[in-house]
Amino acid sequence: MLAFFSLLMIISFSTPSLSAPVSKKEKAQGFDGVQEISIPMAKGELRAQVEAEQSQRERANAPKTLWELRASSWSPENLSSPSRIPGASSFQKKGIPQMEALILSPMGSGAVSFEIGLGILALERSGKLEGGGLAIPVDQNAYLGSLRIGGLYSPFRLWKERITPYFGACALPSLFLTRRSAFDDGNSQTGFALEGNMGALLQIQKSLHLDLGAARSFGRMGGADMGGFSLRAGLRVPI
């Protein structure tokens, strides 16, 4: 038993300490006698980590592609087509506003955006079918579809970046279709218009904006005028 305790004492005195020695100056500065050893990261690994974090921040802050659903008060001012009924009126909006679905893709810093979309408008015209001494009121329904191709420019933001004014222009190649009726046997026409617009985006939530604007279009559908002024409102969200 005595030999066993003697062996333990020899081992304890002969085993070197794992802690690095501490000078008197280090003790005076508050070191407790144990130094931590840090292993420096390789320069290549550090650079790769910094670049990965920067790329992640850039992706998070990059302008996102946007989707918008919008209603417009637009209606052609004097759109008509050949008719068998004398004195038929020109086509007018049929109660429901023009509906547009848009995709906007910001370019660069996001001040300029490419816009593409599709709009559909229901129209109708009226007239009186005369025969046998009677004048019977009749109507004809038509549909006007327009492809939107253009761009928007947003030069600045206001009120803590919650309001974003914009200016835009677009081309509107269009297709006009009528249904078979007393006016005609069904007709189709193509047309083209140019539109200038302006408005502002109002931030409702972080990823939801209200679009309020006005537009003026100039164009022809066959021999008829399809220009007009409109007010519009829509909701815009990132895809």
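Tutor: Buried means under 20% relative accessible area, exposed over 50%, partly exposed in between (1.4 Å probe, protein chains only). This is a predicted model, where local features need pLDDT of at least 70, side-chain atom pairs count only at pLDDT 80 or more, and totals for chains, interfaces and linings use all residues. Residues are numbered from 1 along each chain as its sequence is written, and side-chain values use heavy atoms, without hydrogens or water.

Student: Are E195 and R148 buried or exposed?

Tutor: Both E195 and R148 are buried. Their side chains meet in a salt bridge, 2.7 Å from N to O (a Lys or Arg side-chain nitrogen within 4 Å of an Asp or Glu carboxyl oxygen). E195 belongs to strand β7 (residues 188–205) and R148 to strand β5, 47 residues apart; strands are DSSP E runs of at least two residues.

Student: Which residues join them in one network?

Tutor: Through salt bridges that share partners, E195 and R148 are in one network with E68, R70, E100, E115, D211, R232 and R236.

Student: OK, how far apart are the closest N and O atoms of E100 and R70?

Tutor: They are 2.9 Å apart, in a salt bridge.

Student: What about E77, which partner does it have?

Tutor: E77 forms a salt bridge with R216, with the closest N and O atoms 3.8 Å apart. E77 sits in the loop between β1 and β2, while R216 is in strand β8 (residues 208–221), 139 residues apart. E77 is partly exposed at 43%, and R216 is partly exposed at 30%.

Student: And how many salt bridges come up by this rule?

Tutor: The count comes to 13.

Definitions and conventions:
Helix = DSSP H or I, 4+ residues; strand = E, 2+ residues; numbered from the N terminus.
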